[in-house]
Each structure stands twice: as C-alpha cells, then as structure tokens.
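These are my notebook entries on a structure that I am reading for the first time. I wanted to look up its charged pairs, its strands and its nonpolar residues in turn.

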Amino acid sequence: MQDRVPPGIGVPPAEPQPIEQTATVDDFLPPDLRVPSHDQIAGTAMPWKQPLVLDGAMVACAECGAYRDWLILSTRGQIWLRCLSGHQQHEARLDPAWYNRNCGPAEATHAIFEDCLRHLGH
C-alpha cells in the first residue's frame, strides 16, 4: 500500500506576491451634502395639513380646538403635535414608527427649533 501525502504537505511555500498600491480615495460626501445622523439631531418635524384621525376620532388641539395644519414632531421616542397657534401636546397614540412611515425625506436641517418652525410656516 502506498503512503499518500495530503496535498500541500512537503511543498515549499509560494513566494509572497507584492501588494499593489492604489491611491486612497475619499468616498465621503462633501460636508454641505451630508445628512446628520440620528444621534446628532434633537428631533424631526413634518407638516400635516389635513385633519389627523386616530382611533376613529379627529384630533383637536386641547387649548384652542384647531384640528388641521399640525406640525408633527418626533423627539426622544415621543410624538408631539403643534398647532398653528403654537400649542403643543403629546400624542401617546403615535410612535416613531408611525412617524417614519408617514414622513418624507428631510428637506432641511436647522440648528435651532425656531428656524425649523419658520421654515415649516409655524
């Protein structure tokens, strides 16, 4: 019976091939085109012009009774509604998942909340 040697055993190692050097390419977007990550922003906002109906009932502002032209705010895992009069109320029936399903892409970022309000007409 002939002794069999597994392939590669007793074969001298191949000479290492030199690694080809390539130019390093910066694949990041320019700073003015970058979008902040979620940990860099305090929250997001979107306008909601039509009435907001939850559980079969139209949501109205607890202070002035407004029922349309909301600004919906998502911050720290909570959803807040803001009417045109500037009253804000927490909406426990909505969550960030609902917000993410209904919001469009971000069209602007703002350093302060008041700039965001002006941008969105509130």
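**Salt bridges, cores and sheet**

I looked up Arg93 to begin with, and at a relative accessible area of 44% it is partly exposed, where buried means under 20%, exposed over 50% and partly exposed in between, for a 1.4 Å probe and protein chains only. I note that the model is predicted, so that local features need pLDDT of at least 70 and side-chain atom pairs count only at pLDDT 80 or more, while totals for chains, interfaces and linings use all residues. Residues are numbered from 1 along each chain as its sequence is written, and side-chain values use heavy atoms, with hydrogens and water left out.

I then asked which side chain meets that of Arg93 in a salt bridge. It is Glu91, at 2.8 Å from N to O, where a salt bridge is a side-chain nitrogen of Lys or Arg within 4 Å of a carboxyl oxygen of Asp or Glu. Glu91 counts as buried, with 5% relative accessibility.

The structure holds 2 salt bridges, and I found Asp115 and Arg118 joined by one at 2.4 Å, N to O. Both residues lie in helix α2 (residues 113–119), 3 residues apart, which is about one turn of the helix. Asp115 is partly exposed at 27% relative accessibility, whereas Arg118 is exposed at 57%.

For the overall plan, I recorded 2 helices and 6 strands, with helices (H or I, at least four residues) and strands (E, at least two) taken as DSSP runs and numbered from the N terminus. Along the sequence the pattern reads β-β-β-β-β-β-α-α.

Which strands make up the open sheet, and in what order? I read the order of its 4 strands as β1-β4-β5-β6, with antiparallel pairing, two strands being paired if DSSP finds at least two bridges between them. The edge strands, each pairing on one side only, are β1 and β6 (88–90). Between β5 and β6 I noted 3 bridges in the antiparallel sense, and Trp80 has His90 in β6 as its bridge partner.

Next I looked at aromatic rings, and the structure holds 1 aromatic pair. Trp48 and Trp98 form this pair, with 5.3 Å centre to centre and 45 degrees between the planes, and it counts as tilted; rings of Phe, Tyr and Trp (its six-membered ring) pair if their centres lie within 6.5 Å, and planes under 30 degrees apart are stacked, over 60 edge-to-face and the rest tilted. The pair links distant parts of the chain, since Trp48 is in strand β1 (residues 44–48) and Trp98 is in helix α1 (residues 96–102), 50 residues apart. Trp48 and Trp98 are both buried.

The largest nonpolar core has 14 residues, of which Trp48, Leu52, Trp70, Ile72 and Trp98 touch the most other members; such a core is a set of buried Ala, Val, Leu, Ile, Met, Phe, Trp, Tyr and Cys residues joined through side-chain atoms within 4.5 Å. At least two of its residues come from each of β1, β4 (70–75), β5 (78–82) and α1. I also found a second, separate core of 5 residues, including Leu71 and Cys116.
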